[in-house]
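Hi,

Here is the structure I promised you. Have a look at it first, and my notes follow below.

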Amino acid sequence: MSNRKDPPGSQPFMKRPDNTAFKQQKLPAWSPTLKAETVLPFFFLSGVACILIGVLICITAAGVQEIKVDYTEESDCTDCYSLRLDRANSIIDCACTVSFSLSEAFKGDVFMYYGLANFHQNQRHYMVSRDNAQLVGRQYNLKNPSITCIPFDKYKNGTPIAPCGAIANSIFNDTLQLFYHPDKNTETPVPLLKTDISWFTDRTVKFQNPSPKANLTAAFAGTARPFYWWKPVYQLSEEENNNGFMNEDLIVWMRQAAFPSFKKLYRRLNRTQEFNDGLPAGNYSVKISYNYPVGKFKGRKSVILSTVSWLGGQSNFLGVAYCASGAIILIVAIILTVVHLKFKKKSLGLEEE
Amino acid sequence: VRCPEGKLSLYCKGADTIIYERLHPACKTLKDVTTEHLDVSGSEGLRTLVLAYKDLEEGYFEDWRARHHTASTALEEREEKLDELYEEIEKNLQLLGATAIEDKLQDGVPQTIEQLAKADIKMWVLTGDKQETAVNIGYACNMLREEMNDVFIISANTAEDVREELRNARRKIKPETIEAEPIFEVKQPKNKSAVLPEDTVEGEYGLVINGHSLAYGLEKSMEVEFLRTVCMCKTVICCRVTPLQKAQVVQLVKKYKKAITLAIGDGANDVSMIKAAHIGVGISGQEGMQAVLSSDFSFAQFRYLQRLLLVHGRWSYIRMCKFLNYFFYKNFTFTLVHFWYGFFCGFSAQTVYDEWYITLYNLVYTSLPVLGMSLFDQDVSDRWSLEYPKLYEPGQLNMYFSIGSFIKCLLHSIYSSLILFFIPYGAMYDTMRDDGKDLADYQSFALLAQTCLLIAVSIQLGLDTAYWTSVNQLFMWGSLAIYFAITLTMYSNGMYLIFTASFPFIGTARNSLNQPNVWLTILLTTILCVLPVVAYRFSRTELRPTINDKVRYKVSKSKHAPPPQATRARIRRTSSRRSGYAFSHAQGYGDLITSSRYLRKNMATFSPRSKTNAKQPGTVLKTYRAVKDTVVDKTL
């Protein structure tokens with residue numbers, strides 16, 4: 001039947017590929033097609049599911065309470081703002097107070113954040129300007145900061161900076177104190193916690209003090225504070241386990257934000273005494289030690305108080321997005337169903353070749 | 001012929017009727033026996049020859065030779081005088097016997113040609129045989145049919161005559177083109193040759209041209225004219241073609257037509273043609289291995305060409321196009337997200353993703369699934385591909401990857417990148433973890449964005465894959481699993497402490513991936529990226545189904561019934577005028593063939609001439625001829 005003749009001297013069918021399913025491209029397979037029976041129900045289901053999820057998220061987000069007070073130029077902070085426009089004034093202290101009131105009590109855990117706007121922590125040169133090995137507490141890197149920190153790595157006389165880099169250098173240094181005014185004359189400081197505001201992994205692994213951990217002054221001997229700091233790093237806090245590189249404010253600041261307007265956790269409510277259930281409704285004020293100069297780059301500063309839910313903060317975006325997507329999907333599903341039904345005759349004409 | 005002993009003999013070969021006339025009466029019994037044998041072999045389709053001889057006397061031969069010399073130098077009526085002499089000497093021969101040569105067409109040749117013709121592939125035959133042989137082959141292979149409107153024969157001897165015959169042919173096919181033709185001749189830019197536009201033609205025409213005329217047709221001044229006429233015909237048979245001319249024909253088509261050419265041949269004389277065409281196919285067989293060695297593809301039987309083109313060629317094209325489309329999509333999406341992020345990071349070229357992710361994205365996370373799709377994808381199985389040659393059309397029309405589809409891919413990428421950036425941005429920028437801690441930091445956002453991207457492009461690949469083998473499944477889900485495994489490893493404590501500078505993302509996976517917020521964002525992003533594609537493809541299938549969609553619909557409908565036999569088509573042998581025997585004698589055989597004398601002994605075993613199925617064993621009236629030289633020409 002066949003005219004094939006193998007080249008003389010060779011084994012018959014030596015070059016023939018194996019007759020396995022793999023080599024003959026006959027592997028068993030699932031070959032799905034976009035059929036109306038699968039696509040249309042899927043669209044309807046996803047549309048409905050999206051709307052349900054969206055509604056759930058919206059309800060949850062509505063249950064979160066948040067208040068944001070922009071204090072850059074608020075009431076008596078305007079003077080401080082103008083003061084801070086000039087760098088020479090940085091030695092002058094400036095304090096101001098901002099008042100606000102909570103119409104409803106904030107029930108549950110309350111968190112206090114400072115927010116910055118128009119501050120690009122995600123700028124590329126800024127982002128790389130840190131030395132993670134130094135922050136882990138390695139002796140060598142403590143005295144020899146990485147070149148990525150330049151020009152914030154050494155003083156002119158060669159003293160290394162700890163922590164080096166632009167990120168550490170620009171740490172947020174306003175101090176905010178929250179006061180509750182149950183009535184016009186009394187002023188109760190709201191008890192706030194400074195610890196456990198950073199990620200567990202950051203605290204325990206990423207940031208470690210150099211040894212000897214007990215005596216930080218000695219540990220950091222031979223290094224100097226960053227240019228813009230008032231105090232060296234081992235004097236950031238009096239508390240023992242919140243000092244040095246492990247100061248949680250430093251840790252929180254070093255976790256760079258993704259976007260130019262962000263908020264970072266500053267303090268947690270200590271739920272004691274009258275703040276057992278959270279923050280009661282009423283008048284509050286924030287006493288600010290206004291140090292951080294944002295005027296030059298037209299930044300904004302704010303203080304934010306917020307409760308949380310299993311979804312996080314009071315961000316409506318996800319809920320609205322889900323609802324909107326669900327609605328669009330349902331509309332598309334209806335359109336597709338109409339198309340399918342209308343062209344049903346035509347699709348039966350698929351029989352034609 | 002002079003024997004070593006000095007005896008002169010005349011040996012003669014030829015067709016039986018001619019030789020029989022010249023035999024000595026003493027050979028009668030032998031003649032009858034021989035005739036019987038000839039009938040048997042003839043009915044099996046063998047080329048038969050009869051041999052006879054005669055001893056010559058010296059004197060007579062000398063005399064004959066002298067007269068022959070005179071006749072051959074005669075000034076007039078040379079042919080007739082020579083004929084006379086030949087008639088004189090070839091008399092009273094003694095019958096030696098008969099030979100029968102088998103020179104069959106391979107199995108499946110007519111069906112292959114028919115299927116390929118259905119796939120819009122034009123086929124030309126270029127052979128060194130004589131015209132009658134070539135024409136007989138044409139009828140045998142179903143390339144020339146009785147239903148054809150006309151079959152033109154171009155066999156002129158001078159350039160002008162050839163041009164005239166071509167013009168006549170064209171006048172008959174499409175009269176209106178004759179007036180418009182000068183336009184194309186003149187416009188010949190220096191370096192680039194213009195492309196000959198396709199002429200639509202009503203009716204089917206065949207054209208036979210012999211090598212001598214072809215030589216004139218291929219001249220510079222006439223090649224365009226020639227090609228134009230020739231391309232209007234459905235089948236072209238060139239006979240008495242030299243190997244060089246074969247290559248020239250192929251080059252002519254390549255130059256002036258926007259078509260891909262494939263040349264298939266089995267002998268050393270086909271090598272130049274095989275090399276000249278875009279794709280060269282060699283048939284390994286009795287004629288040696290030269291064709292095979294110089295070809296791009298080689299196999300042993302002509303009918304495998306059908307499988308090569310309709311199954312493997314088509315699959316290869318589809319796989320390649322899907323691969324390209326997907327590759328551009330995933331890389332554009334990946335890159336455009338950075339463009340949007342630029343607005344938020346002061347255009348400082350900060351990458352959205354972790355650097356390791358960028359390294360491993362194309363290398364590990366998305367490489368194997370794409371590879372799996374490009375290796376195993378089949379839109380329809382091979383039997384269905386052979387069943388519907390029309391599926392071949394998209395490849396010819398460049399439908400699956402062109403400027404248009406590239407732009408579509410780009411737009412799709414832009415849309416996807418918008419979703420992949422702005423949904424995570426919106427979800428993240430103002431929120432925190434469920435314990436109040438930071439979630440809007442760069443590292444968490446990077447992890448979220450990269451996870452969304454990978455899941456979205458993986459699902460897109462899943463939509464593109466039409467044929468899910470176990471290998472595909474493994475690659476797809478395995479890649480996603482690998483992504484999570486590698487990410488968790490890279491963001492672990494151990495890696496950080498060993499390679500501090502390289503893995504700064506420590507803890508990110510653990511702290512952000514346990515947030516329902518993050519997973520809801522991933523879900524929404526995926527849904528928004530994928531559903532428009534599904535909707536678009538579904539509506540396109542409904543509103544404007546392509547041939548592919550139609551066949552797949554049919555496949556899915558007949559899932560329980562096995563696909564029909566691949567060789568369902570039958571050759572319609574309605575020709576009653578052609579006997580199909582390929583003799584190469586010039587004259588006088590028409591009568592013989594159409595008379596029943598030759599076939600008298602075997603009437604009972606003949607099947608009706610109208611439907612001959614080549615697969616049925618025992619059918620007698622089959623014509624076999626080795627298909628020697630065929631040029632297959634795919635349009636556009």
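A term you'll need first: a salt bridge here is a side-chain nitrogen of Lys or Arg within 4 Å of a carboxyl oxygen of Asp or Glu. A:K26 and B:D382 make one, with their closest N and O atoms 2.9 Å apart. The rule finds five salt bridges across the interface of chain B and chain A.

Some housekeeping: this is a predicted model, where local features need pLDDT of at least 70 and side-chain atom pairs count only at pLDDT 80 or more, while totals for chains, interfaces and linings use all residues. Residues are numbered from 1 along each chain as its sequence is written, chains are lettered from A and ligands numbered from 1 in the order written, and side-chain values use heavy atoms, without hydrogens and water.

Back to the interface: 86 residues of chain B are in contact with 84 of chain A (contact means heavy atoms within 4.5 Å). Together the two chains bury about 7400 Å², 61% of it on carbon and sulfur atoms; that is the accessible area (1.4 Å probe) lost on putting the two parts together, summed over both. On the chain B side, B:K437, B:F538 and B:E542 lose the most area to chain A, together 9% of what that side buries.

Within chain B, the axes of helices α21 (residues 442-464) and α22 (residues 470-490) come within 10 Å and cross at roughly 170° (axes are lines fitted to C-alpha atoms over the stretch in contact, with angles from 0 to 180 degrees between N-to-C directions; helices are DSSP runs of H or I, at least four residues, numbered from the N terminus). α21(B) and α22(B) are therefore roughly antiparallel, a label for angles over 145 degrees.

Cheers

Methods. Helices (H or I, at least four residues) and strands (E, at least two) are DSSP runs, numbered from the N terminus. Angles under 35 degrees count as roughly parallel, over 145 as roughly antiparallel, 65 to 115 as roughly perpendicular and the rest as oblique.
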